Structures are given as C-alpha cells and as structure tokens.
Amino acid sequence: MLAYLDAGSGSLIASLFVGGFAAMAVFFKMQFHRFTGVFSRKGAVGSTPEVTPDAESTEP
Amino acid sequence: MFHLGDRVLRGLGPQAAADWQMLAMTEFFPAAMAAGRVVRTTEVDSAQVAVEGWTTVLEHEPIPFVSYPSEWTFEMLADAAVLHLDLLLAALDEGISLKDGSAYNIQWRGVTATFVDVGSFEAVAGPWPGYRQFCQLFLYPLMLEAHLDVPFQKYLAGHLDGLPPADMRRLLGGRHRFKAGVMRNVTLHAAAERRTTRSTQSVQADMAAAGYSVDLARATARSLRKLVLKLRSSRSASGWAAYRRTCSYSDEDAAAKADFVANVAESRRWSLAFDLGCNDGAFARMVAPHADSVVAVDSDDVTVGAFYRSLRTDGPANVLPLVVDLVDPTPARGWRGAERLAFTDRGRPDLVLALALVHHLVIAANVPMAEVVDWFASFGATLVVEFVEPHDPMAQRLLANKEPGQHDDYGIEEFESLLDASFDVMARQPLPSGRRTLYVARPRS
C-alpha cells in the first residue's frame with residue numbers, strides 16, 4: 001500500500017515544523033480542524049473530500 | 001529541453017509561457033541573471049529555430065560542463081543550497097515560488113553556482129512544495145557529513161531523488177536527534193511522512209484553511225538557510241591533503257614538471273581540459289589561462305574541498321573542481337540510464353592531464369595498463385601523462401601492499417610500447433631524478 005501514498009503531503013506538513021511559531025500555530029489549527037471535523041458531517045473546515053481511513057470514518 | 005547544434009533551448013506550453021512572462025517582469029530575475037546566479041536566458045522567435053508546438057521558446061547560455069551533486073564537495077553543495085534558498089526568498093517577495101527544491105537545478109560555471117531550471121518558477125500558491133526535495137538532495141547529504149562525519153558523495157550517487165527521510169531518521173537516531181536541525185527536518189519529517197495518508201491537494205487545502213501565508217514559506221526558507229550556513233564538515237584528515245608536502249618530488253623535478261606542463265598549456269587555446277587526479281589543482285591552474293574551461297577531478301573529497309575554497313578566494317574562475325573516483329566514476333542514471341549521463345559522456349575534452357595517475361590505477365586499483373592507455377585514447381584529446389617508475393618511493397609504497405611479482409608488467413618499456421600503439425608521442429621528458437617521465441601525445445585517429 002505504501003506505493004500508493006503521496007510522499008509529498010507529509011513533507012508539506014513537516015515544513016510547518018521549520019517555519020517557526022506562526023507555522024506551528026497553523027499546524028495546531030489544522031489538527032484542531034481535523035479533530036472538530038470528526039464531529040461534523042461536513043468534515044473539517046475548508047478540507048476537500050479525501051480517501052483516508054480518517055475521512056471514511058466521518059462518512060454517514 | 002532540447003539541443004539544436006550547440007544551442008540549448010526550452011519549449012514552453014501555454015501555462016509555462018505565462019509563468020515565464022510573469023518571471024521576466026519581476027525585479028529579482030533579471031538582476032539574478034545579470035549576476036550569473038541564474039543561467040542567462042532569452043526568448044527566441046520560434047519561427048527562427050524551426051521548432052513547432054510550443055507557445056514560447058527560450059534559449060539558455062550553455063553550461064561548460066554539466067556536473068551532478070554527488071560530484072560536489074560539502075561546501076559546493078552548501079553554496080548551491082544557499083543560492084537555491086536566496087532565489088526562493090527573492091521570488092517570494094514578488095509573489096513567485098519554486099515548484100521544487102532539487103540540487104539538479106544548480107550547475108556551475110567554474111566555481112560560480114548558477115540556477116538553470118528557469119521552468120521551476122511559478123505563481124506562489126501555499127506552502128513551498130520543494131521542501132522535501134530540498135531535504136533529500138541538499139540538507140540530508142550535508143547532515144550526513146556534518147553530523148556523522150560520512151562523506152555524502154557515494155550515498156547521493158546511489159539515490160537520484162536524494163536520501164529519504166525514513167532512512168535519515170534511522171541514521172540520525174539516538175543522541176544525533178539533538179544535533180542542529182535533525183529533530184525538525186529529519187525526525188518529525190519522517191514521522192509526518194509516516195502518518196500522513198492524505199493527498200497533497202487535501203493537505204494544501206487544510207493548510208490554507210488554517211491560515212497558511214507566504215510569510216510562513218519565507219520563514220521556512222530563512223530557517224533552512226540559517227541551518228545550512230551552520231552545518232560544517234568536520235572532515236579534514238585525508239591521506240592526500242598534505243600530498244604536496246609529503247610527495248617524493250625534488251625541487252628540480254617539480255620545476256621541470258611545471259615547465260613541461262606549462263609549455264603544452266601555452267601551445268594553443270583549449271576549449272575543455274580535464275585534469276584527472278588533480279590533487280591540489282596546481283596543474284589545472286596552470287592550464288586555466290589557456291582554456292575556456294577546466295574540469296579538475298579527484299576522488300579525495302577533502303583535497304577537492306580545499307581546492308574549491310582556494311578557487312573561490314583566488315580564482316581562476318574557469319576551473320570546476322569535482323569529486324570523482326576515476327575507478328568508479330558517476331554512471332548513467334535514471335530511467336533507461338538516460339536521465340543523467342555518465343561522467344565521461346558529458347563533455348569532449350581537447351586536453352587531458354594524467355599526472356602521477358597511472359601507478360594508482362595500475363598498482364593500487366589493479367586496472368591493466370593496456371586498459372588505462374586505451375581509456376586515455378578514448379578521450380580523443382591531447383594527453384599529458386606522467387609515468388612513475390616502479391623504483392620511485394611513491395610507487396614502492398603502493399607495491400609494498402602487493403604480492404611480489406604481482407605487478408611485474410608495470411614498467412616504462414611496457415608503458416611506452418602501449419602509448420606508441422595508440423598515440424603519436426610528441427615529446428618525452430625524463431625528470432632529473434630519473435624516476436619519472438612525462439609525455440605529451442596525440443591519439444591516432
């Protein structure tokens with residue numbers, strides 16, 4: 001399954017760890033959106049439909 | 001990218017042509033081009049170059065000799081990394097970003113790094129997508145050497161896309177995690193890669209929704225630049241670094257050798273000269289004023305590193321020093337072995353220096369002498385070669401590690417007969433010590 005993962009997406013998130021406090025704030029905000037998205041039928045604010053175990057768990 | 005004779009052209013489709021128009025209008029791009037930090041690029045009339053199907057055709061000034069990051073020294077890779085980040089920072093100030101962060105975007109004119117992938121610039125949109133590539137092809141190889149004291153060249157040669165975060169996490173585990181930049185760029189990077197199963201577009205959208213701005217891309221580039229400047233190679237011990245002081249040349253031999261090489265160098269104008277086994281580059285420097293460009297290679301990264309530093313400080317500007325193991329030179333790489341060319345397929349020299357090299361290839365590396373001479377002939381260039389006789393102390397040192405009789409065929413008569421078979425020997429000069437002889441020869445075509 002590893003071959004089907006997009007290696008670049010993890011690196012985009014990782015780049016936030018290098019961008020200082022403001023970038024870390026974005027990281028935590030993203031986590032918060034994803035967390036709150038679990039309780040929303042519409043998913044996280046601003047997120048696009050995706051095929052992941054997390055996203056599938058939010059499907060009705 | 002395509003070639004038309006000696007001309008290097010780049011065809012752009014509609015989107016790339018729009019990106020080019022935007023780039024040409026900026027302040028930083030023409031300034032960087034004038035300073036030689038970006039390859040000189042002009043738009044050509046596509047009707048003029050007889051190519052169809054492109055919205056715009058660009059012409060790039062050719063690079064004298066294409067080299068790859070696995071052939072650069074630590075400081076060359078660091079300087080190339082800083083150039084890449086400086087261009088990214090300048091571009092971000094004008095609303096432009098780079099699609100990637102590849103070390104292959106950089107080439108060298110002598111010891112001046114120049115950015116060649118003009119097609120990488122695009123309108124800024126979210127986080128810098130080149131961060132991963134930058135880590136794999138610049139930062140991790142630098143860390144390998146700075147934090148683990150391992151020369152990166154052979155490792156990078158084996159990974160066309162650079163060193164993966166997961167491998168680097170294993171290499172830089174334990175106490176190494178606390179070294180400069182490791183926790184953020186390696187440990188957390190590998191963890192993020194392992195845990196993120198979403199698509200790039202989905203992550204980008206989430207980042208935008210969480211307030212990601214161009215200021216953060218700028219902060220990332222600035223932080224990486226600071227880190228690269230902080231990394232230092234601790235490699236200094238090398239059997240070759242003190243060669244000039246410890247070698248067996250008498251003053252008379254050294255002067256006669258310098259005269260001989262200088263005479264050949266001055267005899268005409270050379271377009272591309274190779275100095276194979278260049279050591280501290282003394283002879284490459286001698287040829288430089290008489291050549292358009294000189295490529296000086298040696299397998300010892302510490303010696304080539306010192307040569308690069310001295311060229312940066314004192315010039316000349318047309319010598320490119322590279323770390324190349326002549327017994328195992330950079331092979332052709334990538335899809336069908338055609339994406340990156342082998343070292344010897346990237347240029348046709350018209351002058352080749354092979355000074356105090358043959359005994360290393362034949363005795364130390366066990367390459368048959370006929371093979372060595374055949375390889376010299378394959379360059380099709382004027383050859384300046386030095387033969388070190390078996391009774392020379394340096395040859396004796398190499399022979400001491402071998403079985404008695406193993407290299408009985410290593411002798412001046414055998415060498416001259418092989419040379420005569422493939423070359424016209426124009427001049428032959430034994431050095432005053434009687435232990436070394438120099439030749440200038442032209443291959444018979």
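**Close-up views of a predicted two-chain model**

**View 1. Surroundings of B:Leu77 in the predicted model.** Leaving aside residues up to four places away in sequence, B:Leu77 is in contact with B:Pro69, B:Trp72, B:Ala103, B:Phe138, B:Pro141 and B:Leu142. The coordinates shown here and in the other views come from a predicted model. B:Leu77 also belongs to the largest nonpolar core, which has 136 residues. Together with B:Val287, B:Leu353 and B:Ala354, B:Leu77 touches the most other members of that core. In soluble globular proteins, nonpolar side chains tend to be buried together.

**View 2. The seven-stranded sheet of chain B.** The strands of this open sheet follow the order 11-10-9-12-13-15-14, and their pairing is mixed. Strand 11 (319-323) and strand 14 (423-430) of chain B each have a single partner strand, so these edge strands are left with one side lacking a neighbour in the sheet. From one strand to the next, the twist averages 15°. Helix 13 (residues 301-314) of chain B packs on the sheet, where it touches strand 10 (291-298) and strand 11 of chain B. The direction of helix 13 makes about 160° with that of strand 11 of chain B.

**View 3. Strand 13 of chain B and its partners.** Strand 13 (residues 382-388) runs antiparallel to strand 15 (residues 436-443) of chain B, and six bridges join the two. In this pairing, B:Phe387 stands opposite B:Thr437 of strand 15. Strand 12 (residues 351-354) of chain B pairs with strand 13 in the parallel sense, over four bridges. Here B:Val352 stands opposite B:Leu383 of strand 13.

**View 4. The two faces of strand 13 of chain B.** On one side of the strand lie B:Thr382, B:Val384, B:Glu386 and B:Val388, all buried. Strand 13 is largely enclosed by the rest of the structure, because seven of its seven residues are buried.

**View 5. The contact between chain A and chain B.** Chain A contributes 28 residues to the contact and chain B contributes 34 residues. On the side of chain A that touches chain B, helix 1 (7-14) and helix 2 (20-38) of chain A are the elements that give two or more residues. Helix 1 of chain A gives the most, with eight residues. Sorted by class, this side of chain A has 13 nonpolar, twelve polar and three charged residues. The model scores ipTM 0.79 and pTM 0.92. For chain B the average pLDDT is 93, and 96% of the residues score at least 70.

Technical notes:
Residues numbered from 1 in each chain as written. Chains lettered and ligands numbered in written order. Predicted model: local features only at pLDDT ≥ 70, side-chain atom pairs only at ≥ 80, totals over all residues. Pairing = 2+ DSSP bridges. Axes fitted to C-alpha atoms, helices over the stretch in contact; angles between N-to-C directions. Contact = placed C-beta atoms within 7 Å. Core = buried A, V, L, I, M, F, W, Y, C linked by C-beta atoms within 7 Å. Buried ≥ 20, exposed ≤ 12 C-beta atoms within 10 Å, placed from the backbone. Nonpolar A, V, L, I, M, F, W, Y, C, P; charged D, E, K, R; others polar. pLDDT = per-residue confidence, 0-100.
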